[in-house]
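Good morning, colleagues. Please bring up the sequence and the model on your screens, and I shall take you through several side-chain arrangements.

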Amino acid sequence: MKGSALGLVTLLLLTSLSGCFGEEVEEEPPLEEIRLNDLRMKGTHNSYHVKTPGVSTLDPENNYTHAQLDVQADRLGVRQFELDVHYIPGMGLRVYHTALDPSTNCLGFAGCMSILLNWSMENPDHAPLWIFVEPKNLPTVVGELDILEMIQAEIAATWPANMTITPTEVQGEAANLRTAITTEGWPTLEASRGKTLFVLLDKTEIRDLYVERNPTLENQTMFAIVDENHSLASVISFVNPDTHGDRLRDASDLGFMVRTRPDEATLEAREQNYTRFERAQETGANFITTDFPGSDQDAGFAIWLPQGPVMCNPRTAPDHCHPRDIEPWGNYTPISIG
């Protein structure tokens, strides 16, 4: 018995000292960090929109209502929002759809942002929010009245700088933003928790004016949506995953943040058709932007990501990514609410 015990001790000592005799124990390589483009999240189109009595009946394209912005974030798992901004003399920047469809769940641009800011501050470990800002005045008016500068000033005055991620921060020491994203990558999830990124949602002369006035986006909060080969390329948006599926997949593979839509003009909701949602998920999209996040009981149609409020992007995320590590489900409830 004593001999057996002595032999076991000797074996353990030899095993523990084996590394001292030239046999090195290989260390496991560190896990690849989760970056922003490794995430997939639900977004809302016209996130402020409320059905306008009479208008929704005459124009079914506008027949959808969103919950309050903080309810979207808290209960519906929305992490990407869209605000249409109109400048009105004497009133400043207001948020609504059109003059014929003006109903909204928040009013001024700063007020709408403040609702989301308060939610963010109450939930500091959330995966980053993305706010897409779409100027709705005519391009000539935007240029003449410096509306883009107004938007930037209002963002800076409302959202704390230490709670935003700017184009300059993402670019770092790289030659330009595109190079930074395609070589170094987006910031990590852990470095981005509780923060927000802003995007100018426009591909017209308004976008061109923004880029012309800010060729490197230095001192700007909003990223620009430009073509994939542009030096400022970062966010790529095509609303139709059928006609632009290949281009969206290629952009995803390059490391860009990709946005598309699983429904449009309420057509899919009226037909109860989820085919486009399935196509959207096949594109590698980071933002799947819907009119029906689960808040419109009348529609009987809702988009829910299958793995919680933010999930691992199946096209880009490393194998060890797990949605419960991104965000706990919290109040995320895949049922429509009134």
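I begin with Q152, whose place is in helix 6 (residues 147-158); helices here are DSSP runs of H or I with at least four residues, strands are runs of E with at least two, and both are numbered from the N terminus. Before going further, a note on conventions: this is a predicted model, in which local features need pLDDT of at least 70 and side-chain atom pairs count only at pLDDT 80 or more, while totals for chains, interfaces and linings use all residues. Residues are numbered from 1 along each chain as its sequence is written, and side-chain values use heavy atoms, with hydrogens and water left out.

Is Q152 buried or exposed? Its relative accessibility is 12%, so Q152 counts as buried; the term buried means under 20% relative accessible area, exposed means over 50%, and partly exposed lies in between, with a 1.4 Å probe and protein chains only. Setting aside neighbours within four places in sequence, Q152 is in contact (heavy atoms within 4.5 Å) with N219, Q220, T221 and M222.

I turn next to the nonpolar core. Such a core is a set of buried Ala, Val, Leu, Ile, Met, Phe, Trp, Tyr and Cys residues joined through side-chain atoms within 4.5 Å. The largest one holds 84 residues, of which L83, F109, W130, I151 and W186 touch the most other members. Helix 4 (residues 109-122) gives the most to this core, namely six residues. As for L83, not counting residues up to four places away in sequence, its contacts include Y48, L69, V95, F109, C112 and F132.

Now the aromatic rings. How many aromatic pairs does a search of the whole structure find? The search returns nine, where rings of Phe, Tyr and Trp (its six-membered ring) pair if their centres lie within 6.5 Å; planes under 30 degrees apart count as stacked, over 60 as edge-to-face, and the rest as tilted. The ring centres of F132 and F287 are 5.4 Å apart with planes at 80°, so this pair is edge-to-face. It links distant parts of the chain, since F132 belongs to strand 4 (residues 129-135) and F287 to strand 9 (residues 287-290), 155 residues apart. F132 counts as buried because its relative accessibility is 0%, and F287 is likewise buried at 0%. F292 and F301 also form an edge-to-face pair, because their centres are 5.8 Å apart and their planes stand at 90°; both residues are buried. W130, F132, W186, F223 and F287 form one aromatic cluster.

A charge sits over a ring if NZ of Lys or CZ of Arg is within 6 Å of the ring centre and within 35 degrees of the ring normal. R259 lies over the face of F132, 5.8 Å from the ring centre, and the charged end of K203 sits over the ring of F238, 3.9 Å from its centre.

Finally, the disulfides, defined as pairs of cysteine sulfur atoms within 2.5 Å. The count is two, and with bonded cysteines counted along the chain the pattern is 1-2, 3-4. C106 is joined to C112 with an S to S distance of 2.1 Å; the torsion about that S-S bond is about 100°, so the disulfide is right-handed. Both C106 and C112 are buried. C312 is joined to C321, again with S to S at 2.1 Å. Which hand does the disulfide of C312 and C321 have? Its torsion is about -90°, so it is left-handed. C312 is buried at 10% relative accessible area, and C321 counts as buried at 13%.
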